[in-house]
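Okay, thanks everyone. Let me put the structure up, and then I'll walk you through a couple of contacts and a pocket.

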Amino acid sequence: MRVWADLRDGDRRLTRRVASWRPPGTRQVLPAVEEAAQHTRLWWGAAFVMATAGGSRGRRAAAAGVVSMAVAEAVANGVVKHLWERRRPPREWISQEEVRDRPDSSSFPSGHTAAAVGFTAAVAGVWPPAGALCAVPALIVAGERVHTGAHYPSDVAAGALIGLSAAALTRRAPRLAARGALT
C-alpha cells in the first residue's frame, strides 16, 4: 500500500512541477501542437506526406502508423477510459492561461499520447528516419498533456505503453494471421 501512495504522491508532485514550468516559447509551441494533435490531424497529415512523398516505403510506414494509431486510440479511449475512472488534475494546479475546456472523460490513460506513440512507433518500425522525425512532435504532445493539466504523468505513461503495444501488435498481426490461417 505504501508503494502506491508514494507513486501517487510522486505523480501529483511531478504534475504540479511540469504544469508550472514556463520555458521560453511554451505559450506559442504547446497550443499549436495541441491543436494539431486534436482528432489525430497531426498524424493523418504525417501519413499523407509519407504516403505521397516516400514511395513504397512511405506508403507502408503511413499504413502501419495509421493502423497502429487506430488500435491505440480504440484501446485507450474506447476501452481503458471506461474501465478506469480518474479525475483530471485539479484546475488550481494549472496556470489559468493554460487551462482550456477539458473533457469530462477519465484522465487515465492519455488517448493523445497513445495515438502519438502508436503512430510513431509503427512508422519507426518500417521507416526509422521518418519515425525519428515523428518522435519529436510525439514527445511534445506527451509533455503538453501534463503541462496543460489534461493528464497526470502516469496517464501519459500508460498511453505510451498502449501506443507501443499497438505498434507491436500491428507489426506482428500479419504473421499471426498467416499462422492462424495455416493451422
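So, ground rules: I call something a salt bridge when a side-chain nitrogen of Lys or Arg sits within 4 Å of a carboxyl oxygen of Asp or Glu. Keep in mind this is a predicted model, where local features need pLDDT of at least 70, side-chain atom pairs count only at pLDDT 80 or more, and totals for chains, interfaces and linings use all residues. Residues are numbered from 1 along each chain as its sequence is written, and side-chain values use heavy atoms, with hydrogens and water left out.

How many salt bridges does a search of the whole structure find? It finds 2. Helices here are DSSP runs (H or I, at least four residues), numbered from the N terminus. Asp155 is buried, at 0% relative accessible area; buried means under 20%, exposed over 50%, partly exposed in between, with a 1.4 Å probe and protein chains only.

The other bridge joins Arg145 and Glu144 at 3.2 Å, N to O, and both of those residues are buried.

Now Arg86 again: along with Trp4, Leu7, Arg8, Asp11, Trp84, Phe108 and Ser154, Arg86 lines the second largest pocket. A pocket is an open set of points on a 1 Å grid over the protein atoms alone, where a 1.4 Å probe fits, with protein on both sides within 12 Å along at least five of seven lines; lining residues have an atom within 4 Å of a point. H1 gives the most to that lining, with 4 residues. Trp4 lies in H1, residues 2–20, and counts as exposed because its relative accessibility is 60%.

Notes
Helix = DSSP H or I, 4+ residues; strand = E, 2+ residues; numbered from the N terminus.
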